[in-house]
Amino acid sequence: MLAIAFWQWLVAAALFAVIAGAGFSFLRGVGRAVSRERFDPEDVKALDVFFVCGECGTEFQVTRLGEVQVPRHCGELMTVVRRPRPEPIGT
């Protein structure tokens, strides 16, 4: 009976070591994650790009572009719309 209990403890200790090792390895990997590069904001006002809310119709014109992240309005993601610039009258 004593031999069976010894093997059970040995298997439990081995499983603990494997699971703990995998967990610590995962945490080390997350801790060393390379941060994303930072980009300087770029002036894009001439491109006439807008974020439009599909729920209420609110529009935001994009004038400077840094890290690309579509905003939310009314809880929904806004869609990106590019409109051609109207030609001046008399040209």
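Colleague: What percentage of the contacts in the chain with a separation of 6 or more is accounted for by residues 24 or more positions apart?

Modeller: Please keep in mind that this is a predicted model. A contact here means heavy atoms within 4.5 Å. Among the contacts with a separation of 6 or more, the share from residues 24 or more positions apart is 41%.

Colleague: Which pattern does the chain follow when read along the sequence?

Modeller: The chain has 1 helix and 7 strands. Read along the sequence, these elements give the pattern α-β-β-β-β-β-β-β.

Colleague: On which side of strand 2 do Phe50 and Val52 lie, and are they buried or exposed?

Modeller: In a regular strand, side chains alternate between the two faces of the sheet. In strand 2, Val49 and Phe51 lie on one side.

Colleague: Which residue in strand 3 is the bridge partner of phenylalanine 51?

Modeller: Strand 2 (49-52) and strand 3 (residues 59-62) run antiparallel and are joined by 4 bridges. The two strands form a hairpin with 6 residues between them, and glycine 57 in the turn has a positive phi of about 90°. Across this pairing, the partner of phenylalanine 51 is phenylalanine 60.

Colleague: Which residue in strand 7 is the bridge partner of valine 49?

Modeller: Strand 2 also pairs with strand 7 (residues 79-82), in the antiparallel sense and over 4 bridges. In strand 7, valine 49 has as its bridge partner arginine 82.

Colleague: Why does aspartate 48 count as buried?

Modeller: Aspartate 48 lies in the loop between strand 1 (42-43) and strand 2 (49-52). Although this residue is not a glycine, its phi is positive, at about 55°. Buried means under 20% relative accessible area. Aspartate 48 counts as buried because its relative accessibility is 11%.

Colleague: What percentage of the 91 residues of the chain count as buried?

Modeller: The chain exposes about 8,300 Å², of which carbon and sulfur atoms supply 64%. Of its 91 residues, the share that count as buried is 10%.

Colleague: Which kind of aromatic pair do phenylalanine 6 and tryptophan 7 form?

Modeller: A search of the whole structure finds 1 aromatic pair. Phenylalanine 6 and tryptophan 7 form this pair, with 5.9 Å centre to centre and 70° between the planes. Both residues are exposed. Since planes over 60 degrees apart count as edge-to-face, the pair of phenylalanine 6 and tryptophan 7 is edge-to-face.

Terms used:
Residues are numbered from 1 along each chain as its sequence is written. This is a predicted model: local features need pLDDT of at least 70, side-chain atom pairs count only at pLDDT 80 or more; totals for chains, interfaces and linings use all residues. Side-chain values use heavy atoms; hydrogens and water are left out. Rings of Phe, Tyr and Trp (its six-membered ring) pair if their centres lie within 6.5 Å; planes under 30 degrees apart count as stacked, over 60 as edge-to-face and the rest as tilted. Buried means under 20% relative accessible area, exposed over 50%, partly exposed in between (1.4 Å probe, protein chains only). Accessible areas come from the Shrake-Rupley method with a 1.4 Å probe; for residues, only the protein chains shown count as cover. Two strands pair if DSSP finds at least two bridges between them.
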